[in-house]
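Subject: Structure handover

Hello,

Here is the structure I said I would pass on. My notes on it follow below.

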Amino acid sequence: MLSTLLILVTGYFLVAIMGIAIKIFLKPYSSSIESSGIKGAGALIGVFERILVFTFVLTDQYAAISIIFAAKSIARFSELNDRNFAEYYLLGTFTSITMALIIGIIFKLVFGDISF
């Protein structure tokens, strides 16, 4: 049980810190984007997004991942009219979701079904 807990904590830690890699990846594209909203909120939303995606992968709830994307799109609907922002938003969201999916799938392949 302790080993399962350590595996899960490691996985959640990995998906949480992936924001650093995503920020580096998006840096060349961020200069043309105006800052909006609460400072740092986007990064925190990304952490929760990856945690949820990772959880959904581990629990075989792949369809639920679309709910995250839909909720984010609804929240940013009016801003998506700006093409530069829309492309930046999609790059960030797809990168975040893809990284969490890959980490979740790797964890499932390496450790099998993780249960207590």
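Lys108 is buried, because its relative accessible area is 16% and the cut-off for buried is under 20%. Please keep in mind throughout that this is a predicted model.

Salt bridges

Three salt bridges turn up when the whole structure is searched. Lys108 takes part in one of them, its side chain meeting that of Asp60 at 2.3 Å, N to O. Lys108 belongs to helix H4 (residues 83–111), while Asp60 sits in the loop between H2 and H3, so this pair ties together parts that lie 48 residues apart in sequence. Asp60 is partly exposed, with a relative accessible area of 44%, whereas Lys108 is buried.

Another salt bridge joins the side chains of Lys72 and Glu49, at 2.5 Å from N to O. This pair, too, links distant parts of the chain: Lys72 is in helix H3 (residues 65–75) and Glu49 is in helix H2 (residues 41–58), 23 residues apart. Lys72 and Glu49 are both buried.

There is also a salt bridge between the side chains of Arg83 and Glu87, with 3.0 Å from N to O. Here both residues belong to helix H4 and are four residues apart, about one turn of the helix. Are they buried or exposed? Arg83 counts as exposed, because its relative accessibility is 63% and the threshold for exposed is over 50%. Glu87, at 38%, counts as partly exposed.

Overall layout

The protein has four helices and zero strands, which gives the pattern α-α-α-α when read along the sequence. Taken along the principal axes, its C-alpha atoms fill a box of roughly 50 × 25 × 20 Å. Of its 116 residues, 29% count as buried.

If you look at contacts in the protein with a separation of 6 or more, 78% of them are between residues 24 or more positions apart. The accessible surface comes to about 7,700 Å², and carbon and sulfur atoms account for 71% of that.

Nonpolar core

The largest nonpolar core has 15 residues, of which Val53, Phe54, Ile65 and Ile103 touch the most other members. Helix H1 (2–30), H2, H3 and H4 are the elements that give two or more residues to this core. H2 supplies the largest share, five residues.

Which residues does Phe54 contact, leaving aside neighbours within four places in sequence? They are Gly11, Tyr12, Val15, Ala100, Ile103, Gly104 and Phe107. One of these, Ile103, is also among the core residues that touch the most other members.

One more residue

Ile45 is placed in helix H2. With a relative accessible area of 45%, Ile45 is partly exposed. Ile45 and Ala75 are 30 residues apart along the chain, and 12 Å separates their C-alpha atoms.

Regards

Technical notes
Residues are numbered from 1 along each chain as its sequence is written. This is a predicted model: local features need pLDDT of at least 70, side-chain atom pairs count only at pLDDT 80 or more; totals for chains, interfaces and linings use all residues. Side-chain values use heavy atoms; hydrogens and water are left out. A salt bridge is a side-chain nitrogen of Lys or Arg within 4 Å of a carboxyl oxygen of Asp or Glu. Buried means under 20% relative accessible area, exposed over 50%, partly exposed in between (1.4 Å probe, protein chains only). Contact means heavy atoms within 4.5 Å. Accessible areas come from the Shrake-Rupley method with a 1.4 Å probe; for residues, only the protein chains shown count as cover. A nonpolar core is a set of buried Ala, Val, Leu, Ile, Met, Phe, Trp, Tyr and Cys residues joined through side-chain atoms within 4.5 Å.
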